[in-house]
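The following exercises concern one protein chain.

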Amino acid sequence: MEARLLLAALHFNENAQRAQAVTKQGELQWGVSHPKARQGAPVLKAVKGPIKFGYVQNLVTKTLELRSQFPSYRKATVLAEERRVPPPIASKYEKPNKQELIDSHRSRFNVATSVTSLE
């Protein structure tokens, strides 16, 4: 299931910024839809260009590279466990005192304002 989710994310990222389709005369293509939310009133929508599947070739190439590098799943998991994982970025910083942060926090409600009368 996770593989399907990741594949869907790759497909979306590849096709998210597709340009609007153009006619042979060079005009932008538009489609008309009738959504139920607008009680069937027509709404103009841009027709996107063709879907791209360039990420598939990259996946196949990388899979074949990894398969030649790691002949079995067992060897791949052993090598993955041996890899050194870097420490979290937050570990570089000193942990602040929470109460000091709360005391120093200022919001628009804490600021003393001078009220002028309209007399």
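**Exercise 1.** Determine whether Glu 65 and its salt-bridge partner are buried or exposed, or in between.

*Solution.* Step 1. Glu 65 has a relative accessible area of 42% and is partly exposed. Buried means under 20% relative accessible area, exposed over 50%, and partly exposed in between, with a 1.4 Å probe and protein chains only.

Step 1. The side chain of Glu 65 forms a salt bridge with that of Lys 62, at 3.9 Å from N to O. A salt bridge is a side-chain nitrogen of Lys or Arg within 4 Å of a carboxyl oxygen of Asp or Glu.

Step 2. Lys 62 is also partly exposed, at 46% relative accessibility.

Step 3. Both Glu 65 and Lys 62 belong to helix H2, where they lie 3 residues apart, about one turn of the helix. Helices (H or I, at least four residues) and strands (E, at least two) are DSSP runs, numbered from the N terminus.

The model is predicted: local features need pLDDT of at least 70, side-chain atom pairs count only at pLDDT 80 or more, and totals for chains, interfaces and linings use all residues. Residues are numbered from 1 along each chain as its sequence is written, and side-chain values use heavy atoms, with hydrogens and water left out.

**Exercise 2.** Describe the packing of helix H1 and helix H2.

*Solution.* Step 1. Two packed helices are described by the angle between their axes and the distance between the axes.

Step 1. H1 covers residues 2-15 and H2 covers residues 54-69; their axes are 9 Å apart, at an angle of about 135°. Axes are lines fitted to C-alpha atoms, for helices over the stretch in contact, and angles run from 0 to 180 degrees between N-to-C directions.

Step 2. H1 is therefore oblique to H2. Angles under 35 degrees count as roughly parallel, over 145 as roughly antiparallel, 65 to 115 as roughly perpendicular and the rest as oblique.

Step 3. H1 contributes Leu 7, Leu 10, His 11 and Glu 14 to the contact, while H2 contributes Gly 54, Tyr 55 and Leu 59. Contact means heavy atoms within 4.5 Å.

**Exercise 3.** Which residues does Ser 33 touch, not counting residues up to four places away in sequence?

*Solution.* Step 1. Ser 33 is located in strand S1, residues 30-33.

Step 1. Its contacts are Ala 41, Pro 42, Val 43 and Lys 45, with residues up to four places away in sequence not counted.

Step 2. Between the C-alpha atoms of Ser 33 and Lys 45 the separation is 7.2 Å, although these residues are 12 residues apart along the chain.

**Exercise 4.** Where does Gln 39 lie?

*Solution.* Step 1. Gln 39 lies in the loop between S1 and strand S2 (43-46).

Step 1. Gln 39 is exposed, with a relative accessible area of 71%.

Step 2. Although Gln 39 is not a glycine, its phi is positive, about 55°.
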